Amino acid sequence: MSGLVLDHLVKRYGGLTAVHDATLTIPHGRFVCLLGPSGCGKTTLLRMIAGLDDPSEGKILIDGEDITAKPAHQRDFGMVFQSLALFPHLTVGENIAYPLRIRGKSKDEQRAEAERLLKLVRLPGVADRPVSKLSGGQRQRIAIARALALSPRLFLLDEPLSALDAKLREAMQIELKQLQQTLGITTIVVTHDQREAMTMADLVVVMSAGRILQAAPPVEVYRRPANAFVADFIGMTNLLKGKIAAPGRIDVAGGTLSVTDPTPDGGEVILSVRPEEVSVRAVPDAPNLLPGTVTFLRDLGASVELRIDVAGQDIVAVATPQDRPAVKAGDAVHVRFPAEACVVLAS
Ligand code: ATP
């Protein structure tokens, strides 16, 4: 099997299982984000892939070769950590060329490679500057350039952008994605920021409590979440508890909704409906409506957000300024949940 294969990986620390049975295949050239809340096991999984932690069980294979017992320095992987770990007493060029120096490459080769990598990360001509004189974003690029110095087989990054301010972080997300597309290198990034994962990844791996809950392209994770945790973690959603009334019909607080998703024969389910799919109207002029009362409305410029109390549940609806409904807080309204936008999840 070509690419990276994680085969039933487990990591235990004493009585705590940090990663449970992680199984995943990552084909070459993918940009993968390991995404989940703090403590869900993302870093532990990345460290096992890097060879910095030994799995308690399971195997790691790359292009069919079992590398589980191979030391980190023999894996040909490039790594960037949150701390960046640059050498403050060395110049930019010396930092980038460091991995080449310890592999015995000549001074000329080191210099040429440092210049090539600096161009790649859009910082040409700074090789002789001390690292300590650079901005946060520039240091980030130097750490990335250094990790790419030996043309690694795999590029691993642990929360690489978390120390940057929001604007710079967004810009770096796009740069990192473009760099990865240029190089075609398989890249795995740990992040707890779902927007960051949606921006960069071809494959989002959502984790919770040590388990992989879903591994899929970003839009699929958003539109077809595997369960209520994923639906809630990725973007905003409305989760409604329901009971199957008939095939394709679900009783929820406040009424009954039709859905196009397949429904189980009976029992309880959860409906996930994204706020941008929910609409609010003053008169009941469409199907799949529930009655409610507007509790709050805010105009955010690019969008309008409404909160509606539907049978005691707080429902969020987002409209464009053009589609803004003519309602205000306190109004009795009808809230539409389009059948095709209701994702049916196990309760
Ligand atoms: P964060 O986003 O906060 O870094 P994470 O998802 O990367 O979280 P991990 O760092 O992988 O989570 O930790 C997963 C679990 O394993 C946590 O409960 C953590 O306390 C525990 N853990 C991690 N490393 C060790 C260790 N060396 N010894 C004992 N427990 C550990």
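In the classification used here, Ala, Val, Leu, Ile, Met, Phe, Trp, Tyr, Cys and Pro are nonpolar, Asp, Glu, Lys and Arg are charged, and the others, Gly among them, are polar. On this basis, the shell around the ligand comprises five nonpolar, five polar and two charged residues. The structure described is a predicted model.

The residues that surround the ligand are Tyr13, Leu16, Ala18, Pro37, Ser38, Gly39, Cys40, Gly41, Lys42, Thr43, Thr44 and Glu159. Two elements of secondary structure, strand β2 (16–26) and helix α1 (42–50), each contribute at least two residues to this shell. Helix α1 provides the largest share, with three residues.

For Gly39, a backbone N or O atom is placed 2.7 Å from a ligand oxygen. For Lys42, a polar atom of the side chain lies 2.9 Å from an oxygen atom of the ligand. In the case of Thr43, a side-chain N or O atom is 2.7 Å from a ligand oxygen. The ligand taken alone exposes 630 Å², of which 57% is buried by the protein.

Aromatic side chains were examined next. Two aromatic pairs occur in the structure. In one of them, the ring centres of Phe229 and Phe233 are 5.7 Å apart and the ring planes meet at 10 degrees; the pair is therefore stacked, since planes under 30 degrees apart count as such. Both residues belong to helix α8 (residues 228–233), where a spacing of four residues corresponds to about one turn of the helix. Phe229 has a relative accessible area of 31% and is thus partly exposed. Phe233, with a relative accessible area of 21%, is also partly exposed, because buried residues must fall under 20%.

Charged side chains are also found over aromatic rings. Arg146 is positioned over the face of Phe87, 5.4 Å from the ring centre. Arg274 lies over the face of Tyr222, at a distance of 3.9 Å from the centre of the ring.

A further residue considered was Ile67, which is located in the loop between β5 (65–66) and β6 (77–80). The relative accessibility of Ile67 is 1%, so this residue counts as buried. Ile67 and Ile49 are 18 residues apart along the chain, and their C-alpha atoms are separated by 9.1 Å.

How values were computed
Residues numbered from 1 in each chain as written. Predicted model: local features only at pLDDT ≥ 70, side-chain atom pairs only at ≥ 80, totals over all residues. Heavy atoms only, no water. Near = heavy atom within 4 Å. Polar contact = N/O pair within 3.5 Å; in protein donor to acceptor, adjacent residues only side chain to side chain. Areas by Shrake-Rupley, 256 points an atom, 1.4 Å probe, with all protein chains shown as cover. Phe/Tyr/Trp six-rings, centres within 6.5 Å; stacked < 30°, edge-to-face > 60°. Buried < 20%, exposed > 50% of the residue type's maximum accessible area, 1.4 Å probe, protein only. Lys NZ or Arg CZ within 6 Å of the ring centre and 35° of its normal.
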